[in-house]
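Hi,

Here is the structure I said I would pass on. Could you have a look at it alongside my notes below?

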Amino acid sequence: MKKFEKGIVFNPNELIDYAEGGVVSKEIVRQDAGTVTLFSFDAGQGLSEHSAPFDALVQVFDGEMELTVEDHTFVITAGESFVIPSGARHRVLAVKPFKMLITMIRGGK
């Protein structure tokens, strides 16, 4: 896995690898306003149901994911995106290996 460097053009596919039977995450931006994180999921891996107090933009850039939000399941493939609403219950499953970038922006009060 290459180290992330700010101020250059990058290909997210080259910054994160798959781990056999695992999930890999790499935070590339962390600010008070939010985070940007890369994830890779091997087939059969996922994240159990949870929620976040702010919207999350999911951008799949390799493979295919299954995202369940409030009991509605969506299949999201490379090149597609989805915004998970603030507070929504959601879970992730890798029917096939996939990589995504997730951007979480904290709302103001």
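R30 is exposed, at a relative accessible area of 54%. Bear in mind that this is a predicted model. The side chain of R30 meets that of E27 in a salt bridge, at 3.0 Å from N to O. E27 itself is partly exposed, with 39% relative accessible area.

That pair belongs to a total of 5 salt bridges. The part I would open next is a network of salt bridges that links E49, E70, D71 and R89. Here is what I have on R89 and two of its partners.

R89 and E49 form a salt bridge, and their closest N and O atoms are 3.1 Å apart. E49 sits in strand 3 (residues 46-50), while R89 is in the loop between strand 6 (81-84) and strand 7 (90-93), so this pair ties together parts that are 40 residues apart in sequence. On accessibility, E49 comes out as partly exposed at 46%. R89 is also partly exposed, with a relative accessible area of 29%.

R89 has a salt bridge with D71 as well, where the side chains meet at 3.2 Å, N to O. D71 lies in the loop between strand 4 (56-69) and strand 5 (72-77), and R89 in the loop between strand 6 and strand 7, so here the parts tied together are 18 residues apart in sequence. D71 is exposed, since its relative accessible area is 60% and the cut-off for exposed is over 50%.

Now for the strands. How many of the residues of strand 8 are buried? Strand 8 (residues 98-105) is mostly covered, with 7 of its 8 residues buried. Strand 8 pairs with strand 2 (residues 34-41): the two run antiparallel and are joined by 8 bridges. If you want a place to start looking at that pairing, V36 stands opposite T103 of strand 8.

Strand 4 is joined to strand 8 too, by 7 bridges, and these two also run antiparallel. There, Q59 stands opposite L101 in strand 8. After that, switch to the side chains of E49, E70, D71 and R89 for the salt-bridge network.

Let me know what you make of it.

Cheers

Technical notes:
Residues are numbered from 1 along each chain as its sequence is written. This is a predicted model: local features need pLDDT of at least 70, side-chain atom pairs count only at pLDDT 80 or more; totals for chains, interfaces and linings use all residues. Side-chain values use heavy atoms; hydrogens and water are left out. A salt bridge is a side-chain nitrogen of Lys or Arg within 4 Å of a carboxyl oxygen of Asp or Glu. Buried means under 20% relative accessible area, exposed over 50%, partly exposed in between (1.4 Å probe, protein chains only). Helices (H or I, at least four residues) and strands (E, at least two) are DSSP runs, numbered from the N terminus. Two strands pair if DSSP finds at least two bridges between them.
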